[in-house]
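User: I am new to this structure and would like to be guided through it by questions and answers. Please begin with a single residue and proceed from there.

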Amino acid sequence: METQGCNDRARTAYHQAVNTPSVAVNGRSYRWPERPLVVVCVDGCEPAYLERGIEAGAMPWMARVRDTGTYRVADCVIPSFTNPNNLSIVTGAPPAVHGIAGNYFWDPDTGAEVMMNDPKYLRCETILAAFSGAGARLAVVTAKDKLRRLLGHGMTGVCFSSEKADGETLAFVGRPLPSVYSADLSEFVFAAAVKLMERDAPDITYLSTTDYVQHKHAPGTPEANAFYRMMDGYLARLDALGATVALTADHGMNAKTDAAGAPRVVYLQDFVDAWLGAARARVILPITDPYVVHHGALGSFATVYLPDGVSAAEAGTRIGALAGIDVVLARPDAAARFELPPDRIGDLVVVSARDVTIGTSAARHDLSGLDAPLRSHGGIGEQRVPFVINRPTTVDPARRLRNFDLFDLALNSR
Ligand SMILES: [Zn+2]
């Protein structure tokens, strides 16, 4: 248990800020926090959730920040999925640098399709680990356990998920273990952050929620506004405890249904099988994760490994002609445009239109768990995300912000 008093903590923070002017990582340099910094990645937070929440009066704290702080929209990285973007935010760099190009990928070294949750796939240090190594006190709380090992890699300090919280953590937060498919899973993250701020005032806290609510409920709906009202209350408490609160998202979220409410899907493995023969090309959906109930593994991004003798140009032309496909790029062009590691994507990258998803084979997607019209992400249509800091920062209004600029602006712009 932390026993240092508030004044001692403030003195220590000032001392460190003076004596440790900055921490360098991945080509950027970050100033030591003058006051506790809380960075929040709100999973699936399309900017309209905040706008509608403010309009409905559900987010009084956010309304104040919009008037007095930094309230912008930024671009996330493509694919607009959870793992690549969380790792971009905590490394300050695109996937070409950190290596996490999806939640899931085909590992050419082993010939196996695997989750990209293991820190062995991480190719650089995180900002969290760098500050931890320089003596800062760190706390990381994630909703889903799949991110915990990646986010916590190389750092010491508090690091846990609400999904796998142990008895001691449950007692500390004072809430029961939440279901993995619930808004409670995210509320637990915020409640833990307030407790940690009251007890330890960590120099840097990183929070990552789950998009359970956003997959089911559109901006402005009562369920969405209730979630954002809950979040707003906790952010206000962190603010009142003296923290710099900085918020962004890993990706946005859009409806992916037709007029009748049925999912719109291009089954890409079925298409290449019909063209080339069964299983000659391999379609990988990097949205795939162990929690498929709310999206059926349907997103707006796929990558395709072609068999020998099939040109990327011809395959790209054929796939690009399919209704609902937005962009098809060969590996070098996709790596350049989206700043992706070329060895972790296929011969083609395929992005579908805003209201369309890409599947493998119809038979391989179990949509029986979808109890609401499909909302998902992965494409360019979900690239716009909020970029919020609870105080003004000096940033050129014309500058294209990325979600992974958040640590930079929160720490360096004073
Ligand atoms: Zn996400």
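This is a predicted model: local features need pLDDT of at least 70, side-chain atom pairs count only at pLDDT 80 or more; totals for chains, interfaces and linings use all residues.

User: Is alanine 183 buried or exposed?

Analyst: The count of C-beta neighbours inside 10 Å is 22 for alanine 183. A residue with 20 or more such neighbours is classed as buried. Alanine 183 therefore counts as buried.

User: Which residues does alanine 183 touch, not counting residues up to four places away in sequence?

Analyst: Residues up to four places away in sequence are set aside here. With that condition, the residues that alanine 183 touches are Tyr212, Val213 and Phe227.

User: How far apart in space are alanine 183 and arginine 399?

Analyst: In sequence, 216 residues separate alanine 183 and arginine 399. From C-alpha to C-alpha, their separation in space is 34 Å.

User: How are α9 and α11 oriented to each other?

Analyst: Two packed helices are described by the angle between their axes and the distance between the axes. For helix α9 (residues 184–199) and α11, the axes are 10 Å apart and the angle is about 10 degrees. Angles under 35 degrees count as roughly parallel. α9 is therefore roughly parallel to α11.

User: Which residues of α11 does α9 meet, and how does the contact divide by class?

Analyst: On the α9 side, the residues are Glu187, Phe190, Ala191, Ala193, Val194 and Met197. They meet Met230, Met231, Tyr234, Arg237 and Leu238 in α11. By class, this contact of α9 with α11 has two charged residues, no polar ones and nine nonpolar ones.

User: How are α2 and α11 oriented to each other?

Analyst: Helix α2 (residues 47–55) packs with helix α11 (residues 222–240) at an angle of about 85 degrees, and their axes are 9 Å apart. The range of 65 to 115 degrees counts as roughly perpendicular. The two helices, α2 and α11, are therefore roughly perpendicular to each other.

User: Which residues form the contact of α2 with α11, and what are their classes?

Analyst: From α2 come Tyr49, Arg52 and Gly53. Their partners in α11 are Ala224, Asn225 and Tyr228. The residues of this contact of α2 with α11 divide into one charged, two polar and three nonpolar.

User: What type of peptide bond joins isoleucine 78 and proline 79?

Analyst: Most peptide bonds are trans. Proline 79 is found in the loop between β4 (70–75) and α4 (82–91). Between isoleucine 78 and proline 79, omega is about 10 degrees, and the bond is cis.

User: What is the phi of alanine 201, and is the residue buried or exposed?

Analyst: Most residues other than glycine have a negative phi. Alanine 201, in the loop between α9 and β9 (204–208), has a positive phi near 45 degrees. Within 10 Å there are 22 other C-beta atoms, so alanine 201 is buried.

User: Which domains does the protein chain have, and how far apart are their centres?

Analyst: The domain assignment gives domain 1 (9–253 + 378–412) and domain 2 (265–376). Their contact takes 29 residues from domain 1 and 29 residues from domain 2. Taken over C-alpha atoms, the centres of domain 1 and domain 2 are separated by 28 Å.

User: Which element supplies the largest share of the side of domain 1 that touches domain 2?

Analyst: On that side of domain 1, at least two residues each come from α5 (95–98), β5 (104–107), β6 (112–115) and α10 (212–216). The largest share is four residues, and the element supplying it is α10.

Terms used. Residues are numbered from 1 along each chain as its sequence is written. Axes are lines fitted to C-alpha atoms, for helices over the stretch in contact, and angles run from 0 to 180 degrees between N-to-C directions. Angles under 35 degrees count as roughly parallel, over 145 as roughly antiparallel, 65 to 115 as roughly perpendicular and the rest as oblique. Two residues are in contact if their C-beta atoms, placed from the backbone, lie within 7 Å. Ala, Val, Leu, Ile, Met, Phe, Trp, Tyr, Cys and Pro count as nonpolar, Asp, Glu, Lys and Arg as charged, and the others, Gly among them, as polar. Domain bounds come from an automatic or database domain assignment. A residue is buried if 20 or more other C-beta atoms lie within 10 Å of its own, exposed if 12 or fewer, and partly exposed in between; C-beta atoms are placed from the backbone.
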